[in-house]
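This report is an introduction for someone meeting this structure for the first time. It goes from single elements to pairs of helices and then to a few single residues.

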Amino acid sequence: MEAGEAKSKKAGGPRLCCICNQRRPVLKRPKTLQQICRECFYEVFEEEIHQVIVVNRLFKSGERVAIGASGGKDSTVLAYVLSELNRRHSYGLDLFLLSIDEGITGYRDDSLETVKRNELQYGLPLQILSYKDLYGWTMDEIVKMIGLKNNCTFCGVFRRQALDRGAALLKVDKLVTGHNADDIAETVLLNILRGDIARLSRCTSITTGEDGPIPRCKPFKYTYEKEIVMYAYFKKLDYFSTECIYSPNAYRGFAREFIKDLERLRPRAILDIIKSGEDFRIATTTKMPEQGTCERCGYISSQKWCKACVLLEGLNRGLPKMGIGRARGGINGDHTRETKAGSKSIETKQCGSLDF
């Protein structure tokens, strides 16, 4: 017995949580590599997000805030944590769930069932808008026409505008999304690879669109994806984990794999990439696009027509590749002749029925 006790004492005994020094650790934090217990993980995870909200003054008491809810891990954890912090710290926010139905059979229809359960679990009102109602097309119909190449361009453009239109319907003051640190690091890398100076200059901003109708906030800007997964797992949150069936060849996927490789070698690489993006300075001689509004639907655009209207015009003319790639002369040109000839005009669609 004495020999056993001496051996245990020599070995230092069981390892304890490096924060509370009372309980045994159950995980190693991907961000800091600290070995901590479950209770301390909950506390530091939630407190870090709270500090991001407070330091960046993301919200004001009395604001109506829509949470972009897809049913996935990021938006589900965001809805749960924001509900908890709103109650615990008396933010004074009215929270809503806002979901977009892209019309992807076997994927989005299933994930929306998760969102509907979250509505009941968290007691948050839910608003669902569909591509079909807004644009007259589902993603299934778009992919059937254009194939699997460039389909993410259509979905990304339509989804961004659909979220803004949903937020306008809910009459909210802010829209929050579950974009995490991994997502932002990927976006920095993608914008460098594409030479997209305009987006590079704003992709690390925690709040965007402040000069527009509804600002967007990213409370998870410094939160690692792995920690979000761990939090959802330990809290037993109800979320949908299947990847989109149309995105396996998305360009972003290559950047994601590169970021994951960097993280394995150096966990802090994700935050360092974000810091690099924040510190980029655009030369004064670089010509930046001027912000305006789309002549067709009134949405924010640096061209005569916003990207969504250009893509829709191509779909409705049977020329889906018309809006893919960099803008060329003629895309936003006169379309009266085509409309008179019998092709559909997006002016008859619901896109543009809301003022921004």
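Helices here are DSSP runs of H or I with at least four residues, strands are runs of E with at least two, and both are numbered from the N terminus. The model is predicted. In these terms the chain has 14 helices and 10 strands. Of its 356 residues, 48% are buried. Taking contacts between residues at least 6 apart in sequence, 69% join residues at least 24 apart.

**A residue in helix H4**

Thr-114 lies in helix H4, which covers residues 108-122. Is Thr-114 buried or exposed? Its relative accessible area is 2%; buried means under 20%, so Thr-114 is buried. Apart from neighbours within four places in sequence, Thr-114 touches Gly-71, Asp-238, Tyr-239 and Phe-240.

Helix H2 runs over residues 38-55, and its 18 residues reach 26 Å from first C-alpha to last, close to the 26 Å expected at 1.5 Å a residue. Several residues of H2 are buried, among them Cys-40, Phe-41, Val-44, Phe-45, Ile-49 and Ile-53. Glu-46 and His-50 are also on the list of buried residues. The cover over the buried residues of H2 includes strands E1 (27-28) and E2 (35-36), together with helices H3 (73-88) and H10 (225-235). Just past the end of H2, Arg-57 has a positive phi of about 50 degrees.

H3, part of that cover, has 16 residues, and its end C-alpha atoms are 22 Å apart, in agreement with the 22 Å that 1.5 Å a residue gives. How much of H3 is buried? The count is 13 of the 16 residues, so H3 is largely enclosed by the rest of the structure. Just after H3, Ser-90 takes a positive phi of about 55 degrees.

**Two pairs of packed helices**

Two packed helices are described by the angle between their axes and the distance between the axes. By class, the contact of H8 with H11 has 8 nonpolar, 1 polar and 8 charged residues.

In another pair, helix H7 (residues 151-170) packs against helix H13 (residues 307-317) at about 130 degrees, with the axes 9 Å apart. H7 is therefore oblique to H13, and passes it in a left-handed crossing. Thr-153, Phe-154, Val-157, Phe-158 and Gln-161 of H7 meet Lys-307, Ala-308, Leu-311, Leu-312 and Leu-315 of H13. By class, this contact of H7 with H13 has 7 nonpolar, 2 polar and 1 charged residues.

Asn-21 and Leu-33 each have a positive phi without being glycine. The table sets out their places and values.

| Residue | Phi | Loop | Relative accessible area |
|---|---|---|---|
| Leu-33 | about 65 degrees | between E1 and E2 | 46% |

Leu-33, at 46%, counts as partly exposed.

Methods:
Residues are numbered from 1 along each chain as its sequence is written. This is a predicted model: local features need pLDDT of at least 70, side-chain atom pairs count only at pLDDT 80 or more; totals for chains, interfaces and linings use all residues. Side-chain values use heavy atoms; hydrogens and water are left out. The expected span of a helix is 1.5 Å times one less than its number of residues. Buried means under 20% relative accessible area, exposed over 50%, partly exposed in between (1.4 Å probe, protein chains only). Contact means heavy atoms within 4.5 Å. Ala, Val, Leu, Ile, Met, Phe, Trp, Tyr, Cys and Pro count as nonpolar, Asp, Glu, Lys and Arg as charged, and the others, Gly among them, as polar. Axes are lines fitted to C-alpha atoms, for helices over the stretch in contact, and angles run from 0 to 180 degrees between N-to-C directions. Angles under 35 degrees count as roughly parallel, over 145 as roughly antiparallel, 65 to 115 as roughly perpendicular and the rest as oblique. A crossing is left-handed if the near helix is turned anticlockwise from the far one by less than a right angle, and right-handed if clockwise.
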